[in-house]
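Open the model in your viewer and keep the selection tool at hand. The tour goes from the whole chain to single residues.

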Amino acid sequence: MTIDSKKNHRSLIIPDIHACERLDVALAKLMPEYSRTQIKEWIETGCILLNDKPIKGKIKVRGGETVSVNAVLKVQPQWEAQPIPLKIEYEDDALIIINKPAGLVVHPGAGNASRTLLNALLHHAPSLQSLPRAGIIHRLDKDTSGLLVVAKTPAAFKDITLQLKKRSLLREYQAIVYGAMISGGCVDAPLDRHPLKRKQRAVVYTGKPALTHYRVAEKFRAHTRLKLRLETGRTHQIRVHMTHIRHPIVGDAIYGGRLLLSKGMTAELREALKTFKRQALHAFALGLTHPETHELMRWEIDLPDDMKELITILREDSARNQK
């Protein structure tokens, strides 16, 4: 293989071991730093030629063909590296596992041009500037705390992104919701942009499939602590799904509706609910197959202090009302 980095041009010969494979599949293996989606796009736009001729990605190769790549990579924004403290649960040459606090935005955007997790990551590991989204695979809402994974190399980014796409990336959450739930279940309801409130998501039956599994972890008098597992990862998925089944997450100012105060509630719990200013949602567990060692790995972290304090008050409220 020869590479001209200035012109972003490369040429290669398809090895015989890839005979009978689709062109896009073979090239994804030969150029692991690029996603199959990116390779298919280059084929469709004529940036990849087979024996100097445009071709379709689904054609099968015989081995021995010459592939020419002349494509322009999308320029990554030059985000600013900023010295923001990070709580790192694990790090090696391929990935970083971050414990994100509530209140920290993951990625720069409208209204949050800096002081985000991405800016902090670039200060911690400047090489992430060359990766899409600085290696961030998935996101958590600003006011959701917990674990997320960051890839440190193009190959790791591609591998973990594929795990996310195949739904083998394990993401488990804990949440405190309104209402005394009896048992677990799942919410299978497609999501899309809210038809009227464009910054919000809603259950829309022409939207993208979304599936959330939940089980009861602890019952209180008028609230429930849940453990939830995402099978898909749509924006605001858990928050919208819990509201959809009429068990909104405590503190969710967008999807939770008005504050619900039950009869007989202690003064301590009443005050705690009034002053809990974020959704009580925490990504407590994360699991994946390591992109280099292929080892199954799992991380778990404790609940943050604000959720622990709320749970303590909920337990006290339940105990007093049982007397």
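## The whole chain

Take the contacts between residues at least 6 apart in sequence: 65% of them join residues at least 24 apart. Bear in mind that this is a predicted model. Show the cartoon. Seven helices and 15 strands make up the secondary structure. Orient the view along the principal axes. The C-alpha atoms fill a box of roughly 80 × 45 × 40 Å. Now colour by accessibility. The protein has 323 residues, and 46% of them count as buried.

## Stop 1: helix α5

Select residues 237-244, which form helix α5. Is α5 enclosed or open? Six of its eight residues are buried, so the rest of the structure largely encloses this helix. Show the side chains of the buried set: Gln 237, Ile 238, Arg 239, Val 240, His 241 and Met 242. Then step past the end of the helix. Arg 246 follows α5 and has a positive phi, near 70°.

## Stop 2

Which residue does the side chain of Arg 239 meet in a salt bridge? Select Asp 252; the N to O distance is 2.9 Å. Arg 239 sits in α5, while Asp 252 is in the loop between α5 and α6. The two are 13 residues apart, and the pair links distant parts of the chain. Check the accessibility of each partner. Arg 239 has 5% relative accessibility and counts as buried. Asp 252, at 3%, counts as buried too.

Asp 141, Arg 239 and Asp 252 are linked in a network of salt bridges. The structure holds 14 salt bridges, and two further examples come up below.

## Stop 3: α6 against α7

Select residues 267-275 for α6 and residues 305-322 for α7. Two numbers describe a helix pair: the angle between the axes and the distance between them. Here the angle is about 150° and the axes are 9 Å apart. An angle over 145 degrees counts as roughly antiparallel, and α6 and α7 are therefore roughly antiparallel to each other. The crossing of α6 past α7 is left-handed.

Which residues make the contact? Display these side chains:

- From α6: Glu 268, Leu 269, Ala 272 and Leu 273.
- From α7: Leu 310, Ile 313, Leu 314, Asp 317 and Arg 320.

Colour them by type. Six of the contact residues are nonpolar, three are charged and none is polar.

## Stop 4: Leu 310

Centre on Leu 310 in α7. Is Leu 310 buried or exposed? Its relative accessibility is 2%, so Leu 310 counts as buried. Now list what Leu 310 touches, leaving out residues up to four places away in sequence. The partners are Ile 176, Val 250, Leu 269, Ala 272, Leu 273 and Phe 276. Among them, Leu 269, Ala 272 and Leu 273 belong to the α6 side of the helix contact. For a sense of scale, draw a line from Leu 310 to Val 106. These residues are 204 apart in sequence, and their C-alpha atoms are 25 Å apart in space.

## Stop 5: Arg 278 and Asp 306

Move to Arg 278. Its side chain meets that of Asp 306 in a salt bridge, at 2.8 Å from N to O. Arg 278 lies in the loop between α6 and β14, and Asp 306 in α7, so the pair ties together parts that are 28 residues apart in sequence. Arg 278 is buried, with a relative accessible area of 6%. Asp 306, at 29%, counts as partly exposed.

## Stop 6

Select β14 (281-289), then β15 (296-300). His 294 lies in the loop between β14 and β15. What is the phi of His 294? It is positive, near 65°, in a residue other than glycine. Most residues other than glycine have a negative phi. At 55% relative accessibility, His 294 counts as exposed.

Next, select Arg 298 and Glu 300. They form a salt bridge, with the closest N and O atoms 2.6 Å apart. Arg 298 is partly exposed, with a relative accessible area of 42%.

## Last stop: Asp 52

Jump to the loop between β3 (48-50) and β4 (66-70), where Asp 52 is found. Asp 52 is not a glycine, yet its phi is positive, about 65°. Its relative accessibility is 61%, so Asp 52 counts as exposed.

Technical notes. Residues numbered from 1 in each chain as written. Heavy atoms only, no water. Axes fitted to C-alpha atoms, helices over the stretch in contact; angles between N-to-C directions. Helix = DSSP H or I, 4+ residues; strand = E, 2+ residues; numbered from the N terminus. Parallel < 35°, antiparallel > 145°, perpendicular 65-115°, else oblique. Left-handed = near helix turned anticlockwise from the far one by under 90°. Contact = heavy atoms within 4.5 Å. Nonpolar A, V, L, I, M, F, W, Y, C, P; charged D, E, K, R; others polar. Salt bridge = Lys/Arg side-chain N within 4 Å of Asp/Glu carboxyl O. Buried < 20%, exposed > 50% of the residue type's maximum accessible area, 1.4 Å probe, protein only.
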